[in-house]
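Please look over the sequence and the structure shown here before reading the report, and keep both at hand while you work through it.

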Amino acid sequence: MKSRYAGGIIYFLVIVSTLLMRISGSVGVYDALNVDADVYFTCIVQILCFGALPIIGYFIVAKQCRCDEIKPLLVEFNIQKCSLRGFGLCLAAVVPTLLISSFISFVWQNVLALTGYLHATPDPVVQTPANLVADIFLVAVLPGIFEEITHRGLVFAAYRETGCKVVLVSGLLFALMHQNITQTGYTFFIGVIAALMVYYTGSLLPAVFLHFFNNFISVLGDYTTLSPVFAFISDARNWLFGNLLGLLVCALLMIASVVAVCLLFRVLRQDAVKQGRLPVKTYEKPWVGAIPLHRDVPFIVTVCVGVCATVFSFVWRLVL
């Protein structure tokens, strides 16, 4: 089977299985099983849906289980080394990227609030060292690895022939995968940045670190009583988005961050061109004979499922 359709079908199965897991949790299946719903859901979805299914499924469907295709498969999934220079440039872009995403999240949440949307209040966290370690593993480590394997691995393997459009495809699918209207804005931005890192370096590692660090900082902000450093993260966030002066400082930081990210990615692209991995022209055309996205049935169906799930999360909160 053509890799494009194989990857699209496998990704569709990933999204459907994730959606079914969410539905199972909402109707009380996990409670009936007498298991920790968060741990059970996260481990199954991350390890099986975003880890095993994309790699094994793509290997079986697209490669017909040929053992000599395993190493090329890893390359297609961008599971390979990253140059120190490339990784360093990506690391330098992490903090500015997170500042921009925080600003996008703040703006997006306020736009939703204007519609009457009520954000779900998370359950209070029992702030113990053991819970902190568990949350870092469940919220930062697992998603950082396995969601990247799917969205910057499987998606790149399937949609690389679209040229530079694979970056937008990856970002769009990553945002819709969360099936949550609250996260849509900033996850699209994070997804595009992670995709650009992979697109320019050819390696999944920078995207894994960006994803991990973003979630890691989010976790630390919930454990303010364990360390003054964690409390500072939460206080700084509240100050930046809680008063006029903070918003002004935040806007200035965002502008500086945008400039920094653009300059860093310009250098990354120049390096990719010098190494022969990208053409000199900024826009990389789709491969000859590549299927247009609007004719890609698995892609269209997957986007529709993601949009419907995301819109449902919005409507559901409105009617509560």
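The report below takes up a pair of helices, a pocket and the salt bridges in turn.

## Two helices in contact

In this predicted model, the axes of helix α8, which spans residues 184-201, and helix α11, which spans residues 244-274, come within 8 Å and cross at roughly 25 degrees. Because angles under 35 degrees count as roughly parallel, α8 is roughly parallel to α11.

On the α8 side, the contact is made by I193, L196, M197, Y200 and T201, and these meet V261, F265, L268, R269 and A272 of α11. Sorted by class, the residues of this contact comprise eight nonpolar, one polar and one charged.

## The second largest pocket

The second largest pocket has a volume of about 220 Å³, and the residues that line it include N78, F156, R160, V198, Y199, R277, E284 and W287.

## Salt bridges

Side chains of opposite charge can pair when their charged atoms come close. The count for this model comes to four salt bridges, and one of them joins E161 to R4, with the closest N and O atoms 2.7 Å apart. Since E161 lies in the loop between α6 and α7, while R4 belongs to helix α1, the pair ties together parts that are 157 residues apart in sequence.

Definitions and conventions
Residues numbered from 1 in each chain as written. Predicted model: local features only at pLDDT ≥ 70, side-chain atom pairs only at ≥ 80, totals over all residues. Heavy atoms only, no water. Axes fitted to C-alpha atoms, helices over the stretch in contact; angles between N-to-C directions. Helix = DSSP H or I, 4+ residues; strand = E, 2+ residues; numbered from the N terminus. Parallel < 35°, antiparallel > 145°, perpendicular 65-115°, else oblique. Contact = heavy atoms within 4.5 Å. Nonpolar A, V, L, I, M, F, W, Y, C, P; charged D, E, K, R; others polar. 1 Å grid on protein atoms, 1.4 Å probe; cavity = no way out; pocket = protein on both sides within 12 Å on 5 of 7 lines; lining within 4 Å. Points joined across faces, edges and corners; volume = space filled by probe spheres on them. Salt bridge = Lys/Arg side-chain N within 4 Å of Asp/Glu carboxyl O.
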